[in-house]
Amino acid sequence: MRKILLLSGLFTVILLSMSLTGFTDKDDSVKEAMWLGNQKYELGAFDEALKLYESGLEINPDDGPLNFNAAQAAYLLGEYSKAEEYYGKSGDNIERFLNVGNIYAALGDSLDENEQKLQCYLQALKYYQEGIIMFPQNVPLKFNYEIVKGKADDISSDMDQQDSDSQDNDESDSDDSQEQNEQEQEGQEQDNQEQDGQEQDSQEQDSQEQDSQEQDGQEQEGQEQDNQEQEGQEQEQAQGQEQEEGEEDGQDANSLEENEIDLDMEAIERILKMLEIQEEESLKNNQEVVGGKNGKNGW
């Protein structure tokens, strides 16, 4: 039983010794990374210093001084995203608010679009203002705050002016568009009126043509009727004339017949007189009588 207790106590001592030794080695590694990194930092070898600081952070990521030194080296190298990350773990110090504010201010200076520039300047002002609240006597924080605030105000004014100009242009375009629409509407109404006028003129012309056709038709019918009446009159006149001519011809024929009868009667009378004369002369010269059936003339 005593042997077991002794072995157990010995094992506990060994584990405690190993644990203490491990913590000591870990702390020593962090300190060594800090010491070697600072040497490189003083020599201006910021990239090598950052690597040494980061090697120490791999052992103890929450070490405040090591995060601060890594942030400073990253800031000087222009690796601003790393610098902001390490500053956030370094605790509340002037450099954190000042340098992170400077990061956003420098980023805003590098951009071209006003809206993005303004967002970066406002983020910088936020860090400066937080630092001023915690360290109100710090002059660089106040100075940088005023400089960046002036830039933000200028951009804000420019954006407002651009918005105003854009609004004016939109209103002008809207007015122009409205005026153009009104002109187009007036032109369309005028075209419609002209079209209506043309249609009305066309209808009037068609009506006039129709009236003219009706009038021509009526005139033609009247003329035809007149012609028919005239033809009837001429026909009646011709018939009357023919009748008159017929009557005249009849009268002439009758007159001729009468004349012929008169002529015939006169001729007969002359013949008779001649016969009488001949007969008298015959009686005077020849007393013979004509024979009977055997006669030459059959008398």
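Start by selecting Ile147: at 42% relative accessibility, Ile147 counts as partly exposed, because that class lies between the 20% limit for buried and the 50% limit for exposed. The model on screen is a predicted one. Ile147 sits in helix H7.

**The whole chain.** Now zoom out and colour by secondary structure. The chain has seven helices and zero strands, so the pattern read along the sequence is α-α-α-α-α-α-α. Of the 299 residues in the chain, 18% are buried. The chain exposes about 22,700 Å², and carbon and sulfur atoms supply 47% of that area. Take the contacts between residues at least 6 apart in sequence: 46% of them join residues at least 24 apart.

**Met159 and Asn114.** Stay on helix H7 and select Met159, which lies in it. Then select Asn114, which is 45 residues away along the chain; the two C-alpha atoms are separated by 7.2 Å. Leaving aside neighbours within four places in sequence, what does Met159 contact? The partners to display are Asn114, Glu115 and Leu118.

**The nonpolar core.** Next, select Tyr53, Tyr128 and Val148. In the largest nonpolar core, which has 33 residues, these touch the most other members. Which elements give two or more residues to this core? They are helix H1 (2–42), helix H2 (46–59), helix H3 (64–77), helix H4 (80–88), helix H5 (94–110), helix H6 (114–134) and helix H7 (139–285). In soluble globular proteins, nonpolar side chains tend to be buried together.

**Close up on Tyr53.** Keep Tyr53 selected and show its surroundings. Beyond its neighbours within four places in sequence, Tyr53 is in contact with Ala33, Met34, Gly37, Asn38 and Tyr41, and also with Leu66, Asn69, Ala70 and Ala73.

**Helix H4.** Finish on H4, and select its buried residues: Ala83, Tyr86 and Tyr87. They cover an arc of only 100° around the axis, and therefore lie on the same side of H4. An α-helix has 3.6 residues a turn, so residues three or four places apart point the same way.

Definitions and conventions
Residues numbered from 1 in each chain as written. Predicted model: local features only at pLDDT ≥ 70, side-chain atom pairs only at ≥ 80, totals over all residues. Heavy atoms only, no water. Core = buried A, V, L, I, M, F, W, Y, C linked by side-chain atoms within 4.5 Å. Buried < 20%, exposed > 50% of the residue type's maximum accessible area, 1.4 Å probe, protein only. Helix = DSSP H or I, 4+ residues; strand = E, 2+ residues; numbered from the N terminus. Contact = heavy atoms within 4.5 Å. Arc of directions from axis to C-beta. Areas by Shrake-Rupley, 256 points an atom, 1.4 Å probe, with all protein chains shown as cover.
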